[in-house]
Structures are given as structure tokens and as C-alpha cells.
Amino acid sequence: MTKPRKPASFRLEEVEMVEAPLAPPVIATDEAQLPATVRALPALSRGWRWGSILLTAIGALVGLASAMWLHDLVREMMARQDWIGWATIGLLGLASLALVMIVLREAVGLARLGRLGRLRHEADSAAAAGDKALALDVVSRLKRLYAGRKDLAWGMARLAEHEGEILDAGELLRLSERTLVAPLDPIARSIVATSAKRVSVVTAVSPAALIDMLFVASENLRMLRRLATLYGARPGTLALLKLARMVVTHIVLTGGIALGDDVVHQLVGHGLTAKLSARLGEGLFNGALTTRIGLATIDVCRPLPYIDVPRPRFRELVAEVAGLR
Amino acid sequence: MPISSITHGAVDAFRNVGGFAAGLVEPTVRLGVTGLARSGKTVFITALVHDLIAQGRMPFFDAVAQGRVLRAYLEPQPDDNVPRFDYERHLADLTASPPRWPDSTRRISQLRIALEYEPQGFWKRRLGYHRLNIDIVDYPGEWLLDLPLLGLDYRDWSEQALTQSRAKQRKASAKDWHAALAATDLAAPADEAAAQRLADLFKSYLRDTRADPHALSTLPPGRFLMPGDLEGSPALTFAPLDAKAAESFPRGSLWAMMERRYEAYKTHVVRPFFRDHFARLDRQIVLVDVLAALNGGRPAVADLERAMTEILDCFRTGSNSLWSSLFAPRIDRIVMAATKADHLHHTSHDRLEAILALLTEQAMERSRYAGAEVKALALAAIRATREGKATRNGEVLPCIVGYPLPGETIGRRHFDGSEAFAIFPGDLPANPRTALRHPEAQADEVRFVRFRPPDPVPLPSGGFAPFPNIRLDRALQALIGDRLT
């Protein structure tokens with residue numbers, strides 16, 4: 001044990017004031033500082049990855065061929081008429097610029113999604129361990145994430161008003177949840193409810209199975225994008241697909257828990273309705289599926305865990321879909 | 001001895017039923033603010049009322065944070081025979097320039113504050129409950145010490161008082177009284193002059209022990225120190241006498257007279273006070289000035305622990321059943337608060353809470369076992385300091401910055417109250433048992449300095465901004481948060 005320190009007094013000139021008791025944020029974004037992922041099974045060593053070598057080679061060939069083709073195209077155009085050649089070059093430049101921008105945007109979208117995931121992960125561990133430094137870091141990053149949002153300006157002001165007070169890690173997270181994240185929750189729920197409603201209705205009335213399959217898929221992706229945007233991820237196409245994968249994983253992982261809770265009701269209800277009308281039953285089933293996907297998406301995208309606000313439950317949302325609330 | 005045994009009369013039961021019925025019409029919470037002298041009851045109540053009325057700085061008091069409290073205002077208080085808590089004068093003290101702490105309380109007073117709020121519950125909305133009255137009683141902390149007397153007869157009390165007066169640190173102040181006591185014949189016929197003389201000597205001994213800055217909790221009877229309106233009455237003219245264990249005395253002797261007066265004191269002073277103000281509490285906050293006790297060293301801490309345990313033993317705590325809420329309501333939520341947490345850097349609050357929890361361990365265990373919700377926290381109803389960092393010999397010390405009150409000292413430095421200083425009060429022990437039970441805790445390991453209140457911030461719209469506080473909102477939430485849903 002260290003020796004207890006003696007009392008002392010200092011003149012103000014000797015003291016560095018800490019107006020708000022905020023410690024300097026400890027940035028823990030390095031992958032190395034995250035808790036190690038534990039795999040259930042040892043990775044299989046597969047030696048040379050012939051498949052990827054094949055794909056790379058073919059890709060390179062196609063790239064070369066298209067480069068040759070473009071080169072020839074430009075030369076041909078040049079030979080035909082000067083200005084057509086230049087126009088081709090211009091269009092080519094524009095196309096490559098657009099391509100670069102798309103790639104960039106996708107990368108940024110992916111990065112944003114990753115950031116949100118890391119934020120959530122660290123918020124979880126800060127809340128669990130009562131780690132004040134980590135909680136401060138999480139909150140400062142959360143504020144940066146939501147810095148420009150007009151809908152959260154009021155919450156930002158409330159947070160700024162109180163965050164200088166004496167708070168422990170849990171309280172700080174609770175305050176930020178209440179001021180920054182909780183105002184988004186009802187909007188998220190209504191997004192899910194709207195999508196589920198649409199899916200139900202379209203499935204119930206659509207003439208062909210293919211149409212409603214396509215519709216369900218696109219509506220779900222749309223919902224995913226809106227939810228992610230709401231919580232601050234703004235995903236591009238790739239990020240959206242990645243998000244979809246995360247959501248599916250989440251559903252698979254938490255499926256067992258949800259089963260005991262709500263699915264029994266759902267199955268019984270669905271069975272009864274299906275007896276009345278097969279189409280109606282399918283509509284309800286698809287709506288329930290969308291609701292479940294929506295809930296999982298909220299779980300994945302929400303930057304803070306549920307501390308103060310109760311987690312939205314499947315049953316409540318179904319009631320919302322049915323217009324009972 | 002639990003208070004229940006003085007309120008088991010049919011009259012009290014009817015009073016409780018009446019209170020229950022009144023609560024149905026107009027919901028009221030009786031909030032007991034319990035604390036020894038100088039533990040900060042008056043400041044706590046003033047700050048609480050001011051913050052509720054101004055509705056500020058309470059991010060964790062849910063009803064206010066969610067904007068559901070429409071307004072809070074002072075109501076005429078319900079009991080006509082009790083003076084009103086002088087909120088305005090205490091507030092004026094705290095917002096004067098320079099601000100000062102309110103004077104110590106000399107008599108009992110009461111206040112009712114009404115909260116109008118937006119209820120969340122279905123039935124509450126349908127039934128139109130949207131107002132909650134909070135009744136708070138302020139009283140001299142010394143009187144609380146009388147509570148354990150209800151369980152002691154005169155002989156036991158005399159013995160206890162004498163044993164305490166023979167302790168090392170009190171012996172000097174009790175010298176005159178001991179001498180007079182030795183010269184007194186207990187079996188002699190009652191003599192008013194002798195009784196008066198003994199009582200005066202006893203009182204001056206009590207006053208001396210209280211004046212000693214290191215002795216913390218004072219000794220009963222409380223009215224001897226804060227007589228209120230009873231100064232000079234026979235019920236306050238008695239003193240403990242030194243009798244052998246089984247000795248008995250004839251009627252009309254000095255002993256018999258003293259014994260009668262002691263019983264009268266219990267019947268006419270102590271019992272009504274507690275019956276009227278403590279037996280029907282719904283919620284309780286116990287304010288404990290742990291830091292002052294730590295200043296006084298180990299004997300003071302032990303003293304505080306003993307006093308708190310005895311006092312808290314007397315309250316009836318636990319969850320309420322329908323029967324008990326009708327006839328004998330119990331306190332079902334308790335907050336133990338280590339006050340003046342602003343005298344300490346926030347990184348040490350955990351340790352302070354640990355010490356508090358150990359100090360009130362028995363009471364907390366008992367209440368939890370009976371089903372009450374108990375929460376312990378470090379609190380400052382008014383935060384008088386800010387925080388800073390100072391470097392000494394290359395070591396960074398977390399400091400608090402404020403204006404120490406004149407007369408405070410730390411090391412060789414004396415403060416005159418005109419200048420702000422940064423104070424590092426020393427490290428609290430990591431293990432709370434060291435603070436309480438360590439055989440040779442050194443003096444001057446810690447030194448907590450008192451500060452003057454923060455400068456008031458006038459508002460453009462008149463009045464003053466709510467005081468900065470530490471965890472006042474969390475205490476409130478734990479106490480009455482459930483009544484405002």
C-alpha cells in the first residue's frame with residue numbers, strides 16, 4: 001500500500017484549475033486495446049489460397065483487357081476526329097472520378113459503421129466496469145458524432161450543462177443516453193413500425209410471391225439504411241450490406257433469448273390468423289419478421305447500451321404496427 | 001427502543017388512519033431530515049427547496065429532468081402550533097455578500113412544499129393526482145440524542161452518563177461536577193437549591209464537552225444544550241447521580257426527586273416531540289458529517305458511530321403492508337448521506353461512501369432486512385468548492401479550491417477567510433476499517449477545512465440561480481422519485 005499523502009494547502013497561483021472535473025480523454029480506438037476476440041474454434045490453416053489467386057489473376061486479366069480496350073477506343077476516336085477523342089478522354093476522366101468518389105464514400109460509410117460499433121463496444125465495457133476515463137472518451141466521441149445535427153442540438157446543450165458536474169462513469173453514460181440517444185429512440189421505433197406496416201399490407205394484397213419477396217427485401221434494406229442514418233452511421237451500399245450481415249448475426253445470436261419471450265405468442269397468433277386467411281397470415285408473418293429485423297438493427301446501431309431507457313420489446317412494437325398505441 | 005412502543009396507543013392509531021385518509025385526498029410525503037448538530041440539516045432543506053422551486057441542476061431527479069414538474073411552491077404549513085421553517089431568512093444568509101452559512105437551529109420548525117407534476121401512471125392520471133406535498137421538519141440536532149433515552153430508566157442513564165464523563169478526554173471538563181457529586185448525599189431530603197446547583201454544573205460540563213472542537217457528538221439530554229422554550233422549568237432541572245447498583249432510596253429524597261424529573265422530561269418533552277414529528281415519517285434522509293469526525297480522530301469517529309447506531313435503532317423502517325400503512329406506517333426508503341462532500345476531491349467520494357456505509361452498517365442491515373430501500377451516497381447540498389490540481393515535490397495532488405472560513409488552519413497556515421486557497425485534505429484510507437477501527441490512527445493524517453458558501457449568481461429575472469450541488473438530485477430521486485411517476 002502506498003503511504004497516505006499528507007494534507008497541504010496551496011495559493012491559487014500554484015494551482016492548475018480544473019473547471020470541470022474532466023480528465024483528458026484517453027483514446028482507446030486502437031484495435032490492439034480492444035479486448036481480444038476469442039474464437040470458439042481454432043482457425044483452419046488452408047495453405048495456399050488457390051481460389052483467391054485465381055480470382056486475382058482473372059481480375060488482373062480483365063483489368064488489362066479493359067485498359068487495352070479503352071486505349072484502343074481513345075485512339076480510334078482520335079483517329080476519326082480530334083474533338084471526339086478529347087470528349088472520350090473527358091468522359092473517361094469523369095467516369096474514373098465518379099468511381100473514386102464512390103469507393104471513397106463506401107469506405108467512409110464502412111468506417112462510420114465501424115466507429116459506431118466500436119463506440120457501442122466501449123460504452124458497454126465502460127458501463128460494466130465503471131471506468132470513468134473510458135466513459136469520458138466515449139461521450140466525447142459521441143458528441144463529435146452528433147456534432148452537426150440540428151435535431152440533437154437541444155440534447156447537446158443539456159449535456160453540456162451538466163457534464164461538468166461530479167458524475168461517475170455510469171451516471172455520465174446515463175446522462176448522455178438520456179440527452180443524445182433517447183430522443184432518437186421513438187423515431188427509430190416509428191421507422192420500424194412504418195416499414196413493418198408496409199410489408200404486411202403489401203404481402204397481404206400482392207398477387208405474386210416474387211413481387212412480395214422483392215418488396216420485403218428492398219423495404220428491409222431501406223429500413224436498415226434509415227435506422228443506421230438516424231443513429232449516425234449513414235451507410236453506403238457496402239456498409240449497408242455489412243450492416244445487414246451484422247443484423248442477421250445478431251438475430252441468430254440472440255434468437256434463443258427472443259424465443260422464450262415473444263415468439264411463442266407470435267406463432268400462436270400467426271397460426272390462428274393463417275386459419276382465417278393464408279394471405280393475411282403471411283402478411284402478419286412478414287410484418288413480424290421486419291419488426292424483428294428492425295429491433296435487431298436498433299440493437300446493432302445504437303451507440304450506447306440501454307441504461308435508463310427500457311429496450312423496446314417486440315410485443316410493444318407489434319402493437320404499434322397494429323395501431324393500438 | 002423503537003418509536004412504535006410510544007405510538008401503539010389507540011389514539012395514535014386513529015391519527016395514523018386519519019393521516020392515511022388525508023393522504024388519499026392530497027398525497028403528502030413526510031420527509032424526515034435526520035442528523036446530529038452541525039451535520040447540515042438547515043442548509044440541506046434550504047438548498048432542496050430552492051433547487052426545487054428554481055428547478056435547476058438536477059439531471060438525475062427524473063421528474064424534473066423529464067420536465068414533468070410544472071411548478072413547485074411553498075404552501076402554508078399544515079400544523080398551526082409549529083413555527084414555519086424560515087426559508088427566506090436562510091436563503092438571504094446564503095445569498096448575502098459575502099454569503100454565510102445559516103445560524104444553528106434553536107427550535108423546531110416545519111415547511112410544506114407542493115410539487116405540481118404531470119403523472120405518468122394510468123390511474124394517477126384518471127384520478128387526477130398531480131400534486132405532491134412534501135413536509136419537512138427542521139429541529140436542533142441535539143434533540144435527536146434524546147431518542148435513546150426513551151429506553152433507559154434513571155438509574156441506567158445515570159450510570160451511563162457517569163461512565164462517559166469519566167472518559168479520558170472528558171474528565172477535565174467534568175471535574176467540578178464530579179466534586180459536587182461526591183459531596184452530595186443522595187438519600188437526603190429533596191432540596192431545590194441542591195438540585196439546581198447539580199443541574200447547572202452538569203449543564204456546564206455538557207457545554208464544555210461540546211465546545212471542544214474534537215469531541216463531535218454531544219451527550220444527552222439534548223434540551224440541556226438547546227432548551228428551546230423550556231429553559232428553567234423543573235423538567236430541565238435534574239442531573240445524573242452516583243448510586244451503587246442495588247441501592248434504593250426513600251420517597252422524598254434527592255434521588256427520588258431527580259428520578260421523577262427525569263421521567264417527566266421523557267414524558268413531557270421527549271415523547272411528544274418524537275410522536276409528533278418522527279413516528280409518522282414516510283421517507284428519511286440521514287445526514288452524517290463523517291469528515292468532521294475524521295478531523296477529530298478515532299475517538300470522535302467511534303462516538304459518531306455509537307450515536308448514529310443508537311438513534312437509527314429507534315426508527316421504524318421496512319416495507320409497508322396495507323395494515324402497516326393504515327395504522328403504523330414505516331419508513332420504506334432511506335438515504336444515508338455523508339454531507340459536505342465538496343470538502344473532498346471527487347475521486348475520494350468512493351472512499352467516503354465506504355466509510356459511511358461502515359459507520360451505519362447496523363442500521364442499514366436492519367432496514368434492508370425489513371424490506372426498506374437503503375442508499376448511501378456522498379452529498380453536498382451546496383457545493384462551495386471547485387477542483388484543481390497542484391504539484392508538490394513532483395507529485396500531482398487533486399485539490400479543492402474555495403474560501404476557507406476564518407479560523408481554519410492547515411499545517412502552519414492560518415486562514416482569515418479573505419482569500420481563496422487550494423486545499424489537499426489528505427488521503428482517506430482505502431480500507432474504511434482503518435478509519436474506524438485502527439488502534440493507532442494518527443491525528444493530522446487528514447484535515448478537512450470548512451469553506452464559506454459559493455458566491456450567489458443573481459438571475460436577470462430576479463432571484464438567484466440554484467446552488468451548485470453534489471448528488472442532491474440523486475438523493476431526491478431515491479427519496480421521492482417513486483411518488484412522482
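In this predicted model, helix α2 (residues 41-54) of chain B lies across strands β1 (28-35), β2, β3 (109-117), β4 (131-138) and β5 (283-288) of chain B and runs at about 25 degrees to β3(B). Helices (H or I, at least four residues) and strands (E, at least two) are DSSP runs numbered from the N terminus, and angles run from 0 to 180 degrees between N-to-C directions, with axes being lines fitted to C-alpha atoms, for helices over the stretch in contact. Residues are numbered from 1 along each chain as its sequence is written, while chains are lettered from A and ligands numbered from 1 in the order in which they are written. As the model is a predicted one, local features need pLDDT of at least 70 and side-chain atom pairs count only at pLDDT 80 or more, whereas totals for chains, interfaces and linings use all residues.

The strands of chain B form an open sheet of 7 strands in the order β2-β3-β4-β1-β5-β6-β7, with mixed pairing, where two strands pair if DSSP finds at least two bridges between them. Strands of a sheet pair through backbone hydrogen bonds, either parallel or antiparallel. The edge strands, each of which pairs on one side only, are β2 (69-75) and β7 (373-378) of chain B, and neighbouring strands of this sheet are turned by 20 degrees against each other on average, direction ignored. Strand β6 (residues 333-338) of chain B pairs with β7(B) in the parallel sense over 6 bridges, and B:Val335 stands opposite B:Lys375 in β7(B). Helix α14 (residues 349-359) of chain B lies across β5, β6 and β7 of chain B, running at about 135 degrees to β7(B).

Helix α17 (residues 472-480) of chain B is mostly covered, with 8 of its 9 residues buried; a residue is buried if 20 or more other C-beta atoms, placed from the backbone, lie within 10 Å of its own. Among these buried residues are B:Leu472, B:Asp473, B:Arg474 and B:Leu479, and the buried residues of α17(B) pack against β1, α2, α3 (62-65), β5, β6 and β7 of chain B.

Chain A comprises 10 helices and 2 strands, and 28% of its 325 residues count as buried. Helix α3 (residues 132-145) and helix α5 (residues 169-181) of chain A pack at an angle of about 15 degrees, with their axes 8 Å apart. α3(A) is therefore roughly parallel to α5(A), a term used for angles under 35 degrees. Their contact is made by A:Lys132, A:Ala135, A:Leu136, A:Val139 and A:Leu142 of α3(A) and by A:Ala169, A:Leu172, A:Leu173, A:Ser176 and A:Leu180 of α5(A), two residues being in contact if their C-beta atoms, placed from the backbone, lie within 7 Å.

Between the chains, 29 residues of chain B are in contact with 21 residues of chain A. The elements that give two or more residues to the side of chain B that touches chain A are β8 (386-392), β9 (395-402) and β12 (421-424) of chain B, and the largest share, 6 residues, comes from β8(B). By class, this side has 17 nonpolar, 4 polar and 8 charged residues, where Ala, Val, Leu, Ile, Met, Phe, Trp, Tyr, Cys and Pro count as nonpolar, Asp, Glu, Lys and Arg as charged, and the others, Gly among them, as polar. Strand β1 (residues 8-11) of chain A and β12(B) run antiparallel and are joined by 4 bridges, and the bridge partner of A:Ala8 in β12(B) is B:Phe424.

Technical notes. Parallel < 35°, antiparallel > 145°, perpendicular 65-115°, else oblique. Buried ≥ 20, exposed ≤ 12 C-beta atoms within 10 Å, placed from the backbone.
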